[in-house]
Each structure stands twice: as C-alpha cells, then as structure tokens.
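Me: Could you take a close look at one helix in this model and walk me through how it packs against its surroundings?

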Amino acid sequence: LEEASTSLHDTLSSDIQDQFGNIPQQSGAAIRECLARIDEVARRAIAPSAAAHPFGSLVNGFGDTSSDLDIVIAVEKEELVYHMSYVNWYSQDRKYQEAVRGMHADADSHEGRPLRWMQLTQVNDKGANAWAVQQLAEFLPSAGFRVRRVLPLARRPLLTLEDEQGRLGECDVSVNNSLPLTNSELLRSYSLLSDTVRPMVLLVKAWAKHYRVCGAHEGNLSSYSWTIMVIYYLQLAEGLPSLQMLWDKDKGQEDKEEDEKEKRTVFDTDYWGYDREFDASFVTAERYFEKFAGEAPPKSEYSMGELLYGFFRFYAREYRWGSEIISIRNPAREAPDGWWRLYGKIHPEDGIHVEDPIELRDLNIVLKRHRLAQLKAELGRASSMMEEGCSLEELMSGPCLEPAADMIFQPRRRQQRMRISRQLRPRAPRLYQIPLG
C-alpha cells in the first residue's frame, strides 16, 4: 500500500469520503410503519402469534435509501402447522366441491345427495411455510401492497411485494427464516467497529453491481458475500477483530452474569433442508466497546484510497484462489479441507471460498463458472486501473467485461445428461402428508 500510494489519484480518498462516507440509511419510521402493516396482516392470515422482523441491509448498517426491505414472519412451528393444515383442507375441499358441481351442472343425479367432504390432514413444516406465503399474498394487497412474485415451493418460500402506500420500495417476505436475523445483527456490529467499514462495503458493493459481478440470481456472489469479503480484508489489513472469536474470551470474565456465559444457539433449516442447531455466539459492538476498548485496533494509518486499492490488489494478486477460506469467524487464511469443499461449488479453475459465519457453508455455491472468470478479470482490471492513477469516477463507470463464450454454454453431452436426470428426478412431495389422529 505504501509503495503504491504515490501513484493513486490525488482526490481519490476525498472523493470516496464525499460519495460514500455519509450515505443516509432508510428512515426508521418508514421501516416501522411498513412492518406494522405486515405484522397486522400476518396475525390475521397466518396465526395470532405471528410477528414480523426486519433483516438485511436496511438493518445491518450496510444499506441506503434505495435498499430493499427483507422481512421474516416468526411464528411457533406447532401453531403454524395447526392453522395452515386447516387452510390446506379448506382450499382442497373447495376445489373438490367446485369440480363436482361442475361435472354435474346439467345433471339431476346429484340433487338431494350430499357431497363428500375432504379429509383433514396435517401439513409438514415446509408445506406450512408454503401455505403461509400464499395466505400473505392473498391478504396483503388490502394493506397497501402489490404482490409482484410468489414462490411457495422454493427452497425458502418467498413473497416479493411492492409498497404502494408507504415510502419503501420492494419487500421480500419469508416465514420462520431465523438465520438471517442473526447474520444481520452480526454484520451490524461490524459496521460500528470502525469508520472505514461501512464506506468500504458500500463502495465495493456499488462497484460489483456496476460491473455485474454481484447478484446470486445471475450466478454471481451475493451482496452478503461481498460484505464478508470486505470485512475479512479489513481484518487482515487493519486488525479488525473477529467478534465470534472474542466471545470465548469474553465469557471467561468473572464479572459476567451467568446467563450470558451460555452459548447462543439458533434452530433452523440449513441450505440442504435439514433441521440443525447453529452456534450464533458473538460479542456485540456495544459490549465490545464496553469490555475491549483498550484492545481496539488503532485508527487506520491508511487513507480510504489506499484501503480500496489494497482490497482490489489483495483479491486480484494475494488471495490464494482455491486454497483460502474467506472467514470473518476465524481470519487465519486457512485452506479448506476435503469435507468443507463439499459444502460449496467446485470449478475446473481455482475458485473463491466465502464462509457463512453462522451456517458455516461455502457461499460460492451460487457462483457459475463464467462468472468466476469474469470476477477474476474485473478484480485484476480494477487493481491495474488504480495503479495507473484512475479517478473514482473512472473506476465506477467503466464498461463491463463480457464472460468468455466457451464457459457459458455447456457441452452437448452434459446437456443430454441433465435432461435425462430431470426426467428421472422424483416429483415434489405433496404439501399435506400426515393424517390427524
């Protein structure tokens, strides 16, 4: 960094501070007003104990006024299954009655004969979440929302809304998705540790979105992954602490209350659909400044321009592609073992490994091969541009590099195998399975 600082643009650091140093976040009143409307509908449409909780960039400190709102509806599983079983029964029975009446609309044989009722069955957990999302899609338009997308059979049933009554844009709503709540709290604590964390994350995410290397729906690393990449780099470059590693040190203090010594755990479904217990223990930013103020890293000796150049240089030239885990939980530059690689995606080329700090899986599982090549090329080009003295405007407004065509299209034999595997793939299970006793 010190050797390259003389070649960086003169106004780079000041431009970064002006554009990304004081970006306002979405109004807390607007978020609370939107949550209140969704919370009220959820109590009527799903279960009386349902409660809406925000997460994502608007909560973790790395959002702005244009960020979408992510919401999870939390409700007891037993209560959710109970109510959604009746919703499923009512829906199936209504379809059956309409079908029978349609078949005998012009006949007299059914007159005076009662129609058969459908049997009440209990839905499983995934079926309950799917019905809950559909219930919300039916009732939320009355609260000032327009339904844009409903995915009841997705891995995580999801509902995308547009807030037509309030000041927010899009809202993504899921049910009983607990892990993002913990992740948001962890990232919020990191955003408060240093004045350089939030501007760096906002800048890098804006750069990644401009050059189309951010967005899981397009086969890129997610915005969440890019946030972890920035924090990991700052841990190595500036000594930013690992809040999860500090938990073990903190819980050994004698003056800490007994109940705070217990490990925080979250029970949720992992990426592959298995119910698991996750370790969610970490030191919050407030407790960090209270108990570890004397051990806080000194004020950064590098300017924002030097840190930004260091980020691109690190991932373009110094990061060990294919043999280093980007882990803010344990920033020790360790190599992944054979078992850990099974939790991500393997490419013929050396890839990138980004660890989810709570779920402990590889977030590169969404990264496609041609996007990996584009990611490496864009990081290398950004590093070279900054060494040549480019301005912030030039860095953030250049043309995107097109992915190599030979990496986008799959070989014909593999396409045939994929078609055969789809034909042999078992059908999705029905939403209702277990009869009530």
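Reply: Happy to! In helix α1 (residues 12–20), the residues Leu12, Ile16 and Phe20 are buried, meaning under 20% relative accessible area with a 1.4 Å probe and protein chains only. Helices here are DSSP runs of H or I with at least four residues, numbered from the N terminus. Looking down the axis of α1, you find its buried residues within an arc of 40°, so they line one face of the helix; the arc is taken from the directions running from the helix axis to the C-beta atoms. As a reminder, an α-helix has 3.6 residues a turn, so residues three or four places apart point the same way.

Before going on, please note that this is a predicted model, where local features need pLDDT of at least 70 and side-chain atom pairs count only at pLDDT 80 or more, while totals for chains, interfaces and linings use all residues. Residues are numbered from 1 along each chain as its sequence is written, and side-chain values use heavy atoms, with hydrogens and water left out.

The cover over the buried residues of α1 includes α7 (197–210), α12 (304–318), α14 (369–387) and α15 (392–396). Take α12: its axis and that of α1 come within 7 Å and cross at roughly 95°, with axes fitted to C-alpha atoms over the stretch in contact and angles running from 0 to 180 degrees between N-to-C directions. The two helices are therefore roughly perpendicular, a label for angles of 65 to 115 degrees. Leu12, Ser13, Ile16 and Gln17 of α1 meet Met304, Gly305 and Leu308 of α12, contact being heavy atoms within 4.5 Å.

Technical notes. Buried means under 20% relative accessible area, exposed over 50%, partly exposed in between (1.4 Å probe, protein chains only). Angles under 35 degrees count as roughly parallel, over 145 as roughly antiparallel, 65 to 115 as roughly perpendicular and the rest as oblique.
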